[in-house]
Every structure is written in C-alpha cells, then in structure tokens.
Amino acid sequence: MAAEHINEIVTQIREKLSKTDLSCLPEKLAVQFNLTGRISGIFYIEVLGGNLSVEPYEYIDKDGSVSITITNLKKLIAGKLPADDSKISVEGNEQKVRTILGLFSN
C-alpha cells in the first residue's frame with residue numbers, strides 16, 4: 001500500500017519537474033525525502049548536469065534530507081505549501097535542500 005503511494009508521488013514529481021529548466025543548476029543536487037506519518041517511505045530527487053532523477057529509493061551520498069507528511073508533500077507539489085514552511089523538516093546542506101524545494105514553486 002505505501003509503495004503505491006510512493007510510486008504515485010514519484011510520478012507526480014517527475015511530471016511536474018520535467019517541465020522545469022534545470023540547466024541553471026550546474027552542480028549535483030541530491031535530496032532524500034522521508035515521508036512520515038500514517039504513510040511512510042523514502043524517495044529522492046537528484047539533479048545532475050541539468051538532468052532530473054526521481055526514484056523511490058534511499059540516496060546514500062545525499063546533500064540533505066527532508067522529512068514531511070504525505071499530505072504536506074502533496075500540498076508542496078501543488079504549490080499550496082511554501083518551501084520554507086515549518087511543516088518541512090530539513091537536515092544537511094540547507095541551501096541545496098531549499099534549492100530542490102524551490103523547484104516546486106515554479
């Protein structure tokens with residue numbers, strides 16, 4: 001059941017961010033998302049050389065991580081939750097994590 005939700009979220013994120021010009025991000029950005037609450041799971045978003053990867057796996061060499069509920073993640077994807085909202089817990093390189101989160105507001 002949780003795997004279905006993760007795959008659905010991964011697909012939604014791929015579709016949304018595939019329309020974004022990522023060429024302005026020259027460096028590697030890799031952020032793992034940890035879903036908390038009644039539906040838990042892990043996936044990552046990586047931008048490397050302007051290419052997007054969104055996969056339902058753990059990312060070992062990540063720049064940072066985000067902990068968020070699936071409800072708030074869906075709001076973030078829809079643009080209804082600001083990337084700097086206190087409902088989003090950030091660990092690691094905050095600047096790189098905020099760069100990834102900022103892609104959802106485009």
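This is a dialogue about reading a predicted model, one feature at a time.

Trainee: Where in the chain is confidence lowest, and where is it highest?

Mentor: The general idea is pLDDT, the predictor's confidence in each residue, from 0 to 100. Where pLDDT is low, the predicted coordinates should not be read in detail. In this chain the mean pLDDT is 92, and 97% of the residues reach 70 or more. Confidence is lowest in helix α1 (residues 2-17), with a mean of 90, and highest in strand β4 (residues 64-69), at 97. Helices (H or I, at least four residues) and strands (E, at least two) are DSSP runs, numbered from the N terminus.

Trainee: Let us turn to the strands. Which strands pair with β4, and in what sense?

Mentor: Two strands pair if DSSP finds at least two bridges between them. Here β1 and β4 run parallel and are joined by six bridges, with Val31 opposite Gly64 in β4. β4 also pairs with β5, this time in the antiparallel sense, over four bridges; Val66 stands opposite Val90 in β5. In a regular strand the side chains alternate between the two faces of the sheet.

Trainee: And what do β2 and β3 form?

Mentor: They form a hairpin with two residues between the strands, and Gly49 in the turn has a positive phi of about 60 degrees. Strand β2 (residues 41-48) and strand β3 (residues 51-55) are antiparallel partners over five bridges. Leu48 stands opposite Asn51 in β3.

Trainee: Now the charges. How many salt bridges does the structure hold?

Mentor: Side chains of opposite charge can pair when their charged atoms come close. A salt bridge is a side-chain nitrogen of Lys or Arg within 4 Å of a carboxyl oxygen of Asp or Glu. The structure holds five. Among them, Glu27 and Lys96 meet at 3.2 Å, N to O. That pair links distant parts of the chain, with Glu27 in the loop between α1 and β1 and Lys96 in helix α3, 69 residues apart.

Trainee: Which other residues are linked with those two in a network?

Mentor: Glu27, Lys28, Asp63 and Lys96 are linked in a network of salt bridges. Asp63 meets Lys28 at 3.7 Å, N to O. Asp63 lies in the loop between β3 and β4 and Lys28 in the loop between α1 and β1, so this pair ties together parts that are 35 residues apart in sequence. Asp63 also meets Lys96, at 3.5 Å, N to O. With Lys96 in helix α3, that contact ties together parts 33 residues apart in sequence.

Trainee: What about Asp85: which side chain of opposite charge is nearest to it?

Mentor: For this reading, Lys and Arg count as positive and Asp and Glu as negative; His and the chain ends are not counted. Asp85 lies in the loop between α2 (70-78) and β5 (89-92). Asp85 is buried yet has no salt bridge, and the nearest side chain of opposite charge, Lys87, is 5.0 Å away. The Asp85 side chain does reach the backbone nitrogen of Lys87, at 2.8 Å. That is a polar contact: a pair of N or O atoms within 3.5 Å, where within protein one must be able to donate a hydrogen and the other to accept it, and residues adjacent in sequence count only if both atoms are side-chain atoms.

Technical notes
Residues are numbered from 1 along each chain as its sequence is written. This is a predicted model: local features need pLDDT of at least 70, side-chain atom pairs count only at pLDDT 80 or more; totals for chains, interfaces and linings use all residues. Side-chain values use heavy atoms; hydrogens and water are left out. Buried means under 20% relative accessible area, exposed over 50%, partly exposed in between (1.4 Å probe, protein chains only).
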